[in-house]
Amino acid sequence: MNDIRIDSEFDSGNIEVLSIDGASAKLAIPLDDQAEFKQWFHFRAAGAAGRELELVITGLEKSAYPGGWPGYDACVSEDREFWGRAPSSYDAKTDGGALTIRYTPASDVAWFAYFAPYSMERHHDLVSEAAACEGVTHRTLGSTLDGQPIDCLDMGEGETQVWLYARQHPGETQAEWWMEGVLETLTDPSDSVGRILRQKCRFHIVPNCNPDGSRRGNLRVNGVGTNLNREWAEPTLEKSPEVLAIRGAMDETGVDFAIDAHGDEAIPAAFLAGFEGIPSWTDEQGESYYRYERILNRRTPDFQTELGYPKSAPGKANLSMSTNQVAERFGATAMTLEMPYKDNPKDPEPEQGWSPERSKMLGRDCMAALLEWLG
């Protein structure tokens, strides 16, 4: 039978084909542009209807997060709408760390990705649909180094300044799926949570902070190898115009509450990280964050507080990271939301694992928690 064909020359595509033999392929993940990170993959396999694919991605012990591969199943779709999971296994001792994906497609084209992709085309649909809603205004905060716009959506009549932003790390596509759920909540006139929030708050929403890295298929950096979430202390036009533009807009409005949405490769749970260790830390500001965390934990089983990152020691917070910088700069209740690539073992959903749908639902839960937090 004919060999399958594997392609990745499309928006967010990323894979290197080492060899193909029938319906089996040996693959590798290229490095991010001008950087040493690699983890994101996105490719399509054609010509395998009814045949079991065996796709082996090699060299993963040198990926950015080798701990992300054990217990992970690759995402797969045949219509690019519904993303399920393909049974996968990881062997750290074979081919420098090998993830073997097995899947039998019903049709001739199947798409595989590290997580369900969120294309720049869908991003523009999301921005356009939200901007067309009553009471929503759109502005371009600046341009990326590739010349793409940095989109911001503003809405609400309240005094509390809320900033929500996602995909500083472009391969963490959960974050923009989360943002889609947030925007659906805030722009639906029949959604009481969104309606009351817009009465209480002024929202500033950046659905994708890193369009260049997103389109190029990077995991963590923009087109010139910059990790945007290490640029918030001293952003520059040459390396991080995205952060320079967003932080400048924050300076104009001030920030009372902020969520920076991300995905975590290794931890199989959704969790928050705060701003412990900032120089101006007060117990009052910290309790404001912890109260939001408790509310969210009570509202949804898709969030938890047992797993997460270690807290910084007093005075040791990294102010180049956005949550720490925003909390320090504005006295804000700021936080980083992390979502998993893997399934949640406490509430498994084997067909999809953590999914776009669950990311969107968590977005609405985060907004409902914000409404309760505001009192």
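Good morning. I begin with two residues: Phe 41 is buried, and Phe 43 is buried as well, where buried denotes a relative accessible area under 20%, exposed over 50%, and partly exposed in between, with a 1.4 Å probe and protein chains only.

A word on the source. This is a predicted model, in which local features need pLDDT of at least 70 and side-chain atom pairs count only at pLDDT 80 or more, while totals for chains, interfaces and linings use all residues. Residues are numbered from 1 along each chain as its sequence is written, and side-chain values use heavy atoms, with hydrogens and water left out.

Let me turn to the aromatic rings. Rings of Phe, Tyr and Trp (its six-membered ring) pair if their centres lie within 6.5 Å; planes under 30 degrees apart count as stacked, over 60 as edge-to-face and the rest as tilted. By this rule there are 20 aromatic pairs. One of them joins Phe 41 and Phe 43, a tilted pair with 6.1 Å between centres and 40 degrees between planes. Both residues belong to one aromatic cluster, whose members include Trp 69, Tyr 72, Tyr 103 and Tyr 341.

Phe 43 also leads us to Ser 8. Ser 8 touches Gly 13, Asn 14, Ile 15, His 42 and Phe 43, leaving aside residues up to four places away in sequence; contact means heavy atoms within 4.5 Å. Ser 8 occupies the loop between strand 1 (5–7) and strand 2 (16–21). Here, helices (H or I, at least four residues) and strands (E, at least two) are DSSP runs, numbered from the N terminus. Is Ser 8 buried or exposed? Its relative accessible area is 12%, so Ser 8 counts as buried.

Strand 1 brings us to a sheet. Five strands form an open sheet in the order 1-4-10-6-7, with antiparallel pairing; two strands pair if DSSP finds at least two bridges between them. Strand 1 and strand 7 (84–86) are the edge strands, each pairing on one side only. Within the sheet, strand 6 (residues 74–77) and strand 10 (residues 109–113) run antiparallel and are joined by 3 bridges. Cys 75 has Ala 113 in strand 10 as its bridge partner.

Between strand 6 and strand 7 lies a loop that contains Arg 80. The phi of Arg 80 is near 65 degrees, a positive value in a residue other than glycine. Arg 80 lies over the face of Trp 111, at 4.6 Å from the ring centre. The criterion is NZ of Lys or CZ of Arg within 6 Å of the ring centre and within 35 degrees of the ring normal. Likewise, the charged end of Arg 220 sits over the ring of Phe 37, 5.4 Å from its centre.

Finally, strand 13. Why is strand 13 described as largely enclosed by the rest of the structure? Because 7 of the 7 residues of strand 13 (residues 160–166) are buried. Thr 160, Val 162, Leu 164 and Ala 166 point one way, and Gln 161, Trp 163 and Tyr 165 the other way. Strand 13 runs parallel to strand 14 (residues 201–206), joined by 6 bridges, and pairs in the parallel sense with strand 15 (residues 257–264) over 5 bridges. Trp 163 stands opposite His 204 in strand 14, and its bridge partner in strand 15 is Ala 258.

The loop between strand 13 and helix 2 (174–187) holds Arg 167. Its phi is near 60 degrees, again positive in a residue other than glycine, and Arg 167 is buried, with a relative accessible area of 2%. Thank you.
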